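Here are a few friendly notes to read alongside the structure. Please keep the sequence and the 3D view open as you go through the points.

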Amino acid sequence: MKSELAKAINYSLSQWKALALYYEDGRIEMSNALAENTLTSRESGSRERPFVGSGRDAKWVAAMYSLIGCCEVNDINPNAYLEHVLSNIAGDKINSVEELLPWNSADRLSSK
C-alpha cells in the first residue's frame, strides 16, 4: 500500500505538463472555477431544457451557453463575436482557429 505522500507525489508528477504550462504562461488560470461559475450562473438552460429534442441538441444548447459565458467573461458582445466568427471561419481572412477564440478576438469586437 502506498503512503499518502507517495500518492500526492505521483499525482503531481502525472500533472507535470499542465503545471509547467501554468508556470510558463501567466494568462492561464490555476483553477477552472471561473469557467464553472460562469456556466452554472446561467442556470444551464433549465427553462429551455424541456424544449431540447435530443442529446445532440442538448450539446448544442450547452455549447451556446458556454460560448455566451466565455464572451461575458471577456467583456465581448456575443452577437458581435458570432458575426465575427461566421464571417471569418470559412474564408482566407484567418490563418488559425486560435485567432477566432474570444480572448484573441476581443480587440476587434465591440464590448457588451
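Predicted model: local features only at pLDDT ≥ 70, side-chain atom pairs only at ≥ 80, totals over all residues.

1. Which residues make the nonpolar surface patch? L5, I9, L13, W16, L19, Y22 and M30 form it, and the patch covers about 770 Å². Two helices, α1 (4-14) and α2 (16-24), each give two or more residues to this patch.

2. Take L19 as one member of the patch. L19 sits in helix α2. Its relative accessibility is 41%, so L19 counts as partly exposed.

3. Now to the inside. The largest nonpolar core has 8 residues: L67, C71, I76, A80, Y81, V85, L100 and L109. Both α4 (55-73) and α5 (78-88) supply at least two residues of this core, and the largest share, 3 residues, comes from α5.

4. L67 is in contact with Y81 and L82, leaving aside its neighbours within four places in sequence. C71 has 0% relative accessibility and therefore counts as buried.

5. How many disulfides are there? The count comes to 0. C70 is in no disulfide, as the nearest cysteine sulfur, that of C71, is 6.1 Å away. A disulfide needs two cysteine sulfur atoms within 2.5 Å, so the 6.1 Å from the sulfur of C71 to the closest cysteine sulfur, in C70, is too far for a bond.

Methods. Residues numbered from 1 in each chain as written. Heavy atoms only, no water. Patch = residues over 30% accessible without salt bridge, like charges linked within 9 Å, V, L, I, M, F, W, Y side chains within 5 Å. Areas by Shrake-Rupley, 256 points an atom, 1.4 Å probe, with all protein chains shown as cover. Salt bridge = Lys/Arg side-chain N within 4 Å of Asp/Glu carboxyl O. Helix = DSSP H or I, 4+ residues; strand = E, 2+ residues; numbered from the N terminus. Buried < 20%, exposed > 50% of the residue type's maximum accessible area, 1.4 Å probe, protein only. Core = buried A, V, L, I, M, F, W, Y, C linked by side-chain atoms within 4.5 Å. Contact = heavy atoms within 4.5 Å.
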